[in-house]
Amino acid sequence: MKRFLRALGRLWTIPVALVAWEAVTRAADDNFFPPPTEIAARMHEMWFSGPAERLWLTDAALDNIPTSIGRIFAGWLLAAAVGISLGLVLGRSALLSRFVEPIIEFGRAIPPPALLPFFLALFAAGTQMQVATIAFGIVWPILLNSGDGARHVDRLHLETAQVFGMSRGQRLVRIILPAALPKIFAGLRLSLSLALILMVISELVGSTNGIGFQLLDAQRSFDLPGVWGTIVVLGVLGYAFNSAFLLVERRLLSWHRAAKQTI
Amino acid sequence: MLEISNLTHTYGTGPGAHHALGGIDLKVAEGELVCIVGPSGCGKSTLLRSIAGLLRPTGGRVVLNGSPVERTPDDLAVVFQDYSRSLFPWMSVADNVSLPLRRKDMDKKQRRQAAMEALEQVGLDGAAAKYPWQLSGGMQQRVSIARALAYRPALLLMDEPFGSVDAQTREDLEDLTLRVRSHHNMTILLITHDIDESVYVGDRVVVLSKAPATIVGDLRVDLPGPRDQITTREHPDFVHLRAEVGRLVRGMRNQAAPAS
Amino acid sequence: MLEISNLTHTYGTGPGAHHALGGIDLKVAEGELVCIVGPSGCGKSTLLRSIAGLLRPTGGRVVLNGSPVERTPDDLAVVFQDYSRSLFPWMSVADNVSLPLRRKDMDKKQRRQAAMEALEQVGLDGAAAKYPWQLSGGMQQRVSIARALAYRPALLLMDEPFGSVDAQTREDLEDLTLRVRSHHNMTILLITHDIDESVYVGDRVVVLSKAPATIVGDLRVDLPGPRDQITTREHPDFVHLRAEVGRLVRGMRNQAAPAS
Amino acid sequence: MRGRSLLDSRLLCGAAGVAGLFCVAELAGRTGLIDPVVFPLASTIAGRAAALAADGEFLADVASTLGAWAAGLLLTVLVAVPAGFALGTLPRVEAALRPILEFLRPIPSVALIPLALLLFSDRFEMKIAVIVYAASWPVLINTMYGLKDVDPVAKETLRSFGFGPLAVLWRVSLPSTAPFIATGVRLAAAVALILAVSAELLAGGASGIGTFIIEAGSSPDALEYIVAATIWAGAIGVLSNLLFTLVERRLFHWHLARTEGAR
Amino acid sequence: GSDSETTAAATGGAGGLEKTQLTIGALPIPDSAALYIANKRGFFAEEGLTVKIETIQGGAQAQQSLIGGTLDATQTNYVSAFLATAAGNKMKIISDLYQSTPDSFNLMVPKDSPIKTPADLKGKKIAVNSLKNIGTLAVTSVLKTHGLTADDVQFMEFPFPDMGGKLEQGVVDAAWMTEPHLTAAATKLGARKLADTMTGPTADFAIAGVIVTEEFANENPKTVAAFQRAVGKAQQIAASDRKAVEEILPTYTKIDAATAAVITLGAFPTSLDETRLQRVADLMVEQGYLKSPIEAKSLLPATAG
Ligand SMILES: Nc1ncnc2c1ncn2[C@@H]1O[C@H](COP(=O)(O)OP(=O)(O)OP(=O)(O)O)[C@@H](O)[C@H]1O
Ligand SMILES: Nc1ncnc2c1ncn2[C@@H]1O[C@H](COP(=O)(O)OP(=O)(O)OP(=O)(O)O)[C@@H](O)[C@H]1O
Ligand SMILES: [Mg+2]
Ligand SMILES: [Mg+2]
């Protein structure tokens, strides 16, 4: 209970920011910047005015939000699997990384919106293509950080493993992976937020549902409270994902925090 | 078992290069315990890392059991001088000790048991569940000794393994090393700065000169066994040998002495 | 100058807690050199870290020059037990040594000169331009000693500072410490495992028991000065004191001895 | 012996890797795996890209994009690194701001471009603003994670000499976090390029790679132009990465020496 | 523009314009040809205006640039303009640019498609370049004449250049396309025209014009009038001389001369006609794009003529 209250206490900045936002937008009275109360009303109408037995969620909410979340997670998990494994391998193999480095850098520098035609070509439209776009767009921080972490394992740790004759696989799983884990987590955390962004981008073209589609729809109808409301939903989702992520990270990296703390 | 011939090593190239090993020739028979002493920075750790295959020497050969050392040989354990960095902070002490045992044909329970036994031998049975960074320096050093001993390697390389523990523990660990060696027929190379220790535990004491290191003395220690902290150290041969080693080390250090 | 009263420290809470210091009372006068000995893992480093204000003890007080230590006091230098991790890998050896001097009223040239002087004193004038990771363990340890000495602190805390160097260098460093102390009137606390060393360099030797550490002996060393490696170590008082300290340390370690 | 030295060349290996990818792409098009109508052949794109390199108008577009990219990246570093240090060293501030930051982070930059259009009357400033917004996150997060990775013994050493928290930050935390920050900047460089192009793509303008892509949309061969322009964007990414890697190698040789594993 | 006319024109431009430097947004499509003609031939300069034309990506973003102040005026299609007005943004339409002609905006299907008439589109997917805009409006009106509603099909947003590929892949069953993609799809893929979407209620449909904010129109009436005169002149040329349009197209689009010669162009109206605009607004009301009717007249500046 006490912990809960303390956690709540930490959120004090949110009401402050909200009030400030309301005040500023009311004062400015600009069409493009509706006050939060108006946004909230629109959000309620869009998503939370459904029947009680469905937790007040509307059809639109049930249609779009879970679909998008599903895509985000599918894309994120795919990116994590590919990014971590490839990153570790590239981090440890200088030869291989010499071969693929330019390709990776190349892929990384391509604007995801420009990639849409390519993924459209490969996967046609639909969830497959969206998941691929998300995964492709967010894999870089994971790949780069994993590679970096794997490259920069304390030399003595590796030598110790080598001396005790640990196999390559064992070294990868028992030494390199844990040593790189702090960096990998930094990458995972970055890419989780990126996944939301990429979800929106991937739903901008050839899509028929999802949060990104709703954003597009609202934009196309000049429904500005709707646009803002969708952005707020994205922010809330991002916050929720990030909090859950930090919780897991705290567990898995407890050794790291403790080993590196002073006083 | 181990044959080193004309081993040289130079770190770096060009004007900043450092010529660390200047032609080392050394033969170690199976089951022997050879102590290596020499001034600080002369190249002892370099020699040890070459034997372990962690460093490709710039010249000469290291042959182990008839085949040249190209990569890290099998059945080898090392206690590093920088013990604290050689422990893995993400694993408990017991896991650190049992990790290398995965290579042996042992199941989880056996590994755990072997690790606990080794930890008990170094007086750390109480710390098995802790993490390395929760231990004092001396305790960390003992964990890395326990890890090496639990592994039961054919060749054990130790780089100043008892430097961070108190006198009593040090003696206990010396005796432990001797005991383990004779039980499991290990070959041991032990680097130390303690001349008494080198004579007490060694079958041979090899003295290195300052950089570029060469062997300036190779003394056989023929003390009656089993050795014992009190009687052995009082033995006249011990006193004589220790003075001899001391002279060799000192002789080699005169030019590099700190300014007074 | 330094007054420690009823200092206790417990790491962690709950069932995994470790009671490291069990009520330490200690007074150190200005200019004194106090050696602290005790079994491995007893709490020596913990005590030293409390004095340096790097750790907030769970009980008791540390008072330095009349004011309680809340944060790191001024004019203090520490040689850490984990010397290799206390050097900054991104700086050359000379920069490592001269870095703390930035706090003093010195210009760049003076700092450089002081650093070079200190490095020369520990026999490392040739390594000034190298990076710490290009040095051997013993050399790194000497760099961290040089850094502390160059700083000329009023209070110097050293945690097993001579553990990784050869016997001759060790003696030279002991003498260097004595010399610097008398020149600059430093107060020094020195943790060591070498009983001979504690008697040779100390004005007092404080013996700690195993954890939770308490003081079980506080011996004044009244040897005729100036001390000298040969004559002092032959002095009958030296032999007597060393036996006395040895007895105290051993007495306290019996229960925790490694299994034989 | 000669084979070895060939494999040691980053340039050759990288070129081989790119050539391999090119062949795979060309083959996919020729065998009909990817219909050339849906996505142009690799060789067609290469031809277009080569033609663009000699096109003065396109080069002006590239220069304009690069200008925004460089300015945006510079500002990003100036903003995000100090912010990362502030948040990484002041846990209270971090706790207070975290909800808001975590809320802002997943807001898609694409959705922000229209808002930025409303707020800035200068296109260049608008571009810079969205670049800084999006590119700051990797730098910020990597800085914060890097700070957690600093060896406590190193920090204590300086503290014991009586240095204040700021000096510890400057002399220990900054240098030992620097490699981590560099990875963040490398990530940010790619993000900044993406945003520069995306901003041009969505907001239009007088010149820029994105503007070029809009114009290309009018062509019946639009896809070829767009992909070729994208290839150049990717190539810029590869070059910038090469530059960053070189600088990193120079600056952080100490880091590499200590951590690069024995082969 | 650096023709001799430019210098000759300097005399006429002295007359008290509120603002002489204009930045206007234009799409790289045939609709905006007159703007470029006016610039190239010095018509703006003759009026004392220095006009910089910037490429924009779409009407919606351009309107935001208009409000934000990056642009002074911009090309937009009328559907967007009315939508924005309904959302509370006060705009003025100052020049008409483009109007549909037969076969300028067609619904295309793949060559072997089983879809024979728009009535077969029930339950099918249709690609448009932008949802809730002119494409969906035009297609819906075609559907209506064949007894279907917008709810009977699924609209998907794809950029024009991707549409051919999507048809080929079967991702969509039909695509609403315009030139030059229309011709390209027909010649390259053999795509078939299913229906002309600019017939019946959408025949001679007003497509695009130039807008400014109401504030701008009120503050700069003389500048607006000068602008209108220049564009009017250019429209005249575009309307009467196809060659002039074919010539200007390759300068601001990636349509080459050969393509420009064969594509179907819309019409370039020479005056701003209130009734034509009203038709657009009314159709939008009818199809539910607008919740309440809008007077097209309210979007015309006081000086319009
Ligand atoms: N961060 C920590 N968390 C938990 N326990 C700790 C921590 N640091 C030290 N300890 C425990 O406190 C005790 C005293 O440690 P300390 O480092 O003071 O010993 P020491 O006397 O310096 O030993 P040594 O001579 O081996 O260096 C040890 O038993 C150790 O396990
Ligand atoms: N990575 C390196 N780069 C350059 N020089 C090095 C490197 N490692 C060691 N050296 C140099 O090689 C010499 C021998 O080092 P080594 O570590 O073998 O000494 P050591 O005999 O183990 O000394 P100590 O007893 O102090 O540990 C030293 O002078 C050191 O400066
Ligand atoms: Mg060494
Ligand atoms: Mg200690």
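Gly12(C) sits in the loop between strand 1 (2-11) and strand 2 (18-28) of chain C, where helices (H or I, at least four residues) and strands (E, at least two) are DSSP runs numbered from the N terminus. With 53% relative accessibility, Gly12(C) counts as exposed, given that buried means under 20% relative accessible area, exposed over 50% and partly exposed in between, with a 1.4 Å probe and protein chains only. Between the C-alpha atoms of Gly12(C) and Ile191(C), which are 179 residues apart along the chain, the separation is 24 Å.

The model is a predicted one, in which local features need pLDDT of at least 70 and side-chain atom pairs count only at pLDDT 80 or more, while totals for chains, interfaces and linings use all residues; side-chain values use heavy atoms, with hydrogens and water left out. Residues are numbered from 1 along each chain as its sequence is written, and chains are lettered from A and ligands numbered from 1 in the order in which they are written.

Chain C contains an open sheet of six strands in the order 6-7-8-3-9-10, with mixed pairing; two strands pair if DSSP finds at least two bridges between them. Strand 6 and strand 10 (215-220) of chain C are the edge strands, each pairing on one side only, and neighbouring strands of this sheet are turned by 15° against each other on average, direction ignored. Within the sheet, strand 7 (residues 155-159) and strand 8 (residues 187-191) of chain C run parallel and are joined by five bridges; Leu155(C) has Thr187(C) as its bridge partner in strand 8 of chain C.

Helix 1 of chain C lies across strand 3 (33-37), strand 6, strand 7, strand 8 and strand 9 (204-208) of chain C, and runs at about 155° to strand 7 of chain C. Helix 5 (residues 137-151) of chain C also packs on the sheet, where it touches strand 6 and strand 7 of chain C and its direction makes about 170° with that of strand 6 of chain C. For these angles, axes are lines fitted to C-alpha atoms, for helices over the stretch in contact (heavy atoms within 4.5 Å), and angles run from 0 to 180 degrees between N-to-C directions.

The magnesium ion (ligand 4) is coordinated at 1.9 to 2.2 Å by Ser45(C) through OG and Gln81(C) through OE1; donors are N, O and S atoms within 2.8 Å of the metal (3.2 Å for Na, K and Ca), and sites may look incomplete, as water is not among the atoms. Ser45(C) lies in helix 1 (residues 44-51) of chain C and Gln81(C) in the loop between strand 6 (76-79) and helix 2 (83-86) of chain C, so the pair ties together parts that are 36 residues apart in sequence. Ser45(C) and Gln81(C) are both buried.

In chain B, the magnesium ion (ligand 3) has Ser45(B) (OG) and Gln81(B) (OE1) as its protein donors, at 1.9 to 2.2 Å. Gln81(B) counts as buried because its relative accessibility is 15%. An unreviewed UniProt entry lists residues 2-235 of chain B as "domain: ABC transporter", and such annotations may be inferred rather than shown by experiment, with positions given in the numbering used here and feature names shortened.

Chain D has a mean pLDDT (the predictor's confidence in each residue, from 0 to 100) of 81, and 92% of its residues reach 70 or more. Confidence in chain D is lowest in helix 1 (residues 2-8) of chain D, at a mean of 55, and highest in helix 4 (residues 56-89) of chain D, at 90. Where pLDDT is low, the predicted coordinates should not be read in detail.
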